[in-house]
Amino acid sequence: MNPVALALRDHRARVPLVGAALLAPWLWSIFLLPLWAIAVSLLLTLAAAVFILVRILPPARDERAADDGGCDAAERLRKARRRDAEQRDLMHQTIFTLHTHVHRWVNTSEHSQGDLRRVQTEVGQVLKHVESAIVQIGESFSAIMNKTAAQTECAMKLLRSEDGDQAAKNGAWLSLPDYIHAYESQLSSVTERMIEFAAVTGAFEEHQRKMREHTVTVDDLLDELRAMAKQTGKLALESSMLAGSAANHRHLVTLTDTIRSISEKAHETTRSIRLNLDAIREQLVESHKTMRTASEIGARAATQAKVDVAQLNLAMMDKTAEVKDAVEHINLIGNDVQVEINRIIVAMQFQDITQQKLERLHQPVLSRVIEDLRVIADESTRLKGEAGYWLNSSVKADAPFQLVRGGVSVPLELREAAVIAADEPHPVPSPVVPKDGGSVELF
Amino acid sequence: MAHVLTVDDSITMRQMVRFTLASAGHQVDEAGNADEALERARVRRFDLVVADVNMPGRSGIELVKALRELPGYKFTPILMLTTESDAALKQAGKAAGATGWLVKPFDPDTLISVLRRVLD
């Protein structure tokens, strides 16, 4: 406010007196001086009055009590003490609220620290589990891949020569396809020899058939000779009887012709038998040759087959042992793979347990900490505004504090206020409604 | 071959149990909570139930009690498979009628051997 206006307002009761005192010496000259001199004098008087009011006279507040004739001193003193008491109460309430708030802040922060320590511990365990699970899963997968590769390599060894083509040529460590080819070749060779042997056997059978035919012919000839011998016997008997009687000479001649004829026939038959026997002998010789050839071929084939099969059997036994070892190795690797899979299952369970732990941490603990901090922050913000107002109108800092209980003001020291604030139940702030519309449960 | 019902709110855990038991030649059905498990148990009879304890909704122990009241499940083996190892909780499970208590993470070989034992 303008100091001149303020001085006029404060000294409004004195302004007429000061003005009159300043103008009085000039009253006698009103009728003597010219008008401009009077105007100048009035202006100078007015300036002098203002100077006196602003600079010379004491401030009106200091003298208000003395000049306030309407109030007595006791009433003013009572009013002043009441104002002091109100302001001290206000100050105390402010400090008390601040102290309570700080106390709650300390409690909440300690609680939050405990929760956060728990979170820290749990998260540490979680991280350890996750890291362990990841490492375990990675190692297990790596081991599985290596073992699967070893299985494949082991199986592939069965399909290829151990020491390359040179070893295969020497008959050692043939691959399975080589074995199949070798057996096929061996079987083909044996088959060819058997076919050859069968052909020889066929020739032998042909000789045998011819020999049977010759034998049948010889039998027929022998029957014929037997019949001729019987007939010759009869004729000899008849000729002896005829010779005894000597009467039938003509009959004897006829009989002699007959005997001659039979004799010639017997001679012919004997010659045929000889020829057949010669043929049989010849067939026997051929059969013997054929049989010898067949035997030689068979023996040679059998010997060769035996040698080949024995070699193949030996190699196959070696190969079988190799296959057995390979299969056993594959089985062992399969068991190892199963163990690794079991480890992965355990590791994935750790992962799952970790996830559940994180969910449990995330929902109750972290949510509570966040809500606590949010409520405290809201309270602090509100209190900050109120404290600012209270501090603007506060009383002296060294005034004794008072706690208002049941309308009675009790003087209170700061230290006592702290103890009481810690013992008293904390004021419950109004619930804070979260943005998602859910209610907040404060502990 | 046994017909097994695994009850767990974690799909990972159900898959692990399924994988383990299926590799041993068992047939495995899954349920994500106790109510679903009870529905499946009413539809067909299982030879064995493997249940978690902490599940949303009804707990595993409540599931055991409910299963024991179903016809045909009075003597069916019920294994609890959980991360909990508290003695009081184990006692509660036993009182409810659980056959065994396995703590996660389980070893697949152990689970299979336990299954054979309770089925024999």
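## Reading a two-chain model, feature by feature

Reader: Let me start with one residue. Is B:A2 buried or exposed?

Author: B:A2 counts as buried, because its relative accessibility is 5% and the cut-off for buried is under 20%. Please keep in mind that this is a predicted model. B:A2 belongs to the segment before β1 of chain B.

Reader: Which residues does B:A2 touch?

Author: Here we skip neighbours within four places in sequence. That leaves B:H26, B:Q27, B:D47 and B:L119 in contact with B:A2. B:A2 and B:L21 are 19 residues apart along the chain, and 9.3 Å separates their C-alpha atoms.

Reader: Which strand does β1(B) pair with, and in what direction do they run?

Author: β1(B) is joined by five bridges to β2 of chain B, residues 27–31, and the two run parallel.

Reader: Now the inside. Why would nonpolar side chains be found together?

Author: In soluble globular proteins, nonpolar side chains tend to be buried together. Turning to this model, the largest nonpolar core has 24 residues. Among those with the most contacts inside it are B:L5, B:V49, B:L67 and B:M80.

Reader: Which elements of chain B supply this core?

Author: At least two residues each come from β1 (3–7), α2 (34–43), β3 (48–51), α3 (60–69) and β4 (78–82). The largest share, five residues, is from α3(B).

Reader: Could you walk me through one member? What does B:L63 contact?

Author: Beyond its neighbours within four places in sequence, B:L63 is in contact with B:V7, B:A34, B:A37, B:L38, B:A51 and B:M55. Another core lies apart from this one and has 18 residues, including B:V17, B:V50 and our opening residue, B:A2.

Reader: How do I read a residue that has a partner in the other chain? Where is B:T20, for instance?

Author: B:T20 sits in helix α1 of chain B, residues 11–23. Its relative accessibility is 1%, so B:T20 counts as buried. Residues up to four places away in sequence aside, B:T20 touches A:I345 from chain A, along with B:F106, B:P108, B:L111 and B:I112.

Reader: What about charges and rings: which charged residues sit over a ring?

Author: Look for a charged end placed above a ring's face. B:R44 lies over the face of B:F46, 5.5 Å from the ring centre. The charged end of B:R45 is over the ring of B:Y73, at 5.9 Å from its centre. As for pairs of aromatic rings, the count over all chains is zero.

Reader: Where is the cis peptide bond?

Author: The cis bond joins B:K104 and B:P105, with omega at about -5°. B:P105 is in the loop between β5 (100–103) and α5 (108–119) of chain B.

Reader: Finally, how many helices and strands does chain A have?

Author: Chain A has nine helices and two strands, in the order α-α-α-α-α-α-α-α-β-β-α. Of its 443 residues, 24% are buried. The accessible surface of chain A is about 29900 Å², with 62% belonging to carbon and sulfur atoms. Among contacts in chain A with a separation of 6 or more, 80% join residues 24 or more positions apart.

Definitions and conventions
Residues are numbered from 1 along each chain as its sequence is written. Chains are lettered from A and ligands numbered from 1 in the order in which they are written. This is a predicted model: local features need pLDDT of at least 70, side-chain atom pairs count only at pLDDT 80 or more; totals for chains, interfaces and linings use all residues. Side-chain values use heavy atoms; hydrogens and water are left out. Rings of Phe, Tyr and Trp (its six-membered ring) pair if their centres lie within 6.5 Å; planes under 30 degrees apart count as stacked, over 60 as edge-to-face and the rest as tilted. A charge sits over a ring if NZ of Lys or CZ of Arg is within 6 Å of the ring centre and within 35 degrees of the ring normal. A nonpolar core is a set of buried Ala, Val, Leu, Ile, Met, Phe, Trp, Tyr and Cys residues joined through side-chain atoms within 4.5 Å. Buried means under 20% relative accessible area, exposed over 50%, partly exposed in between (1.4 Å probe, protein chains only). Helices (H or I, at least four residues) and strands (E, at least two) are DSSP runs, numbered from the N terminus. Contact means heavy atoms within 4.5 Å. Accessible areas come from the Shrake-Rupley method with a 1.4 Å probe; for residues, only the protein chains shown count as cover. Two strands pair if DSSP finds at least two bridges between them.
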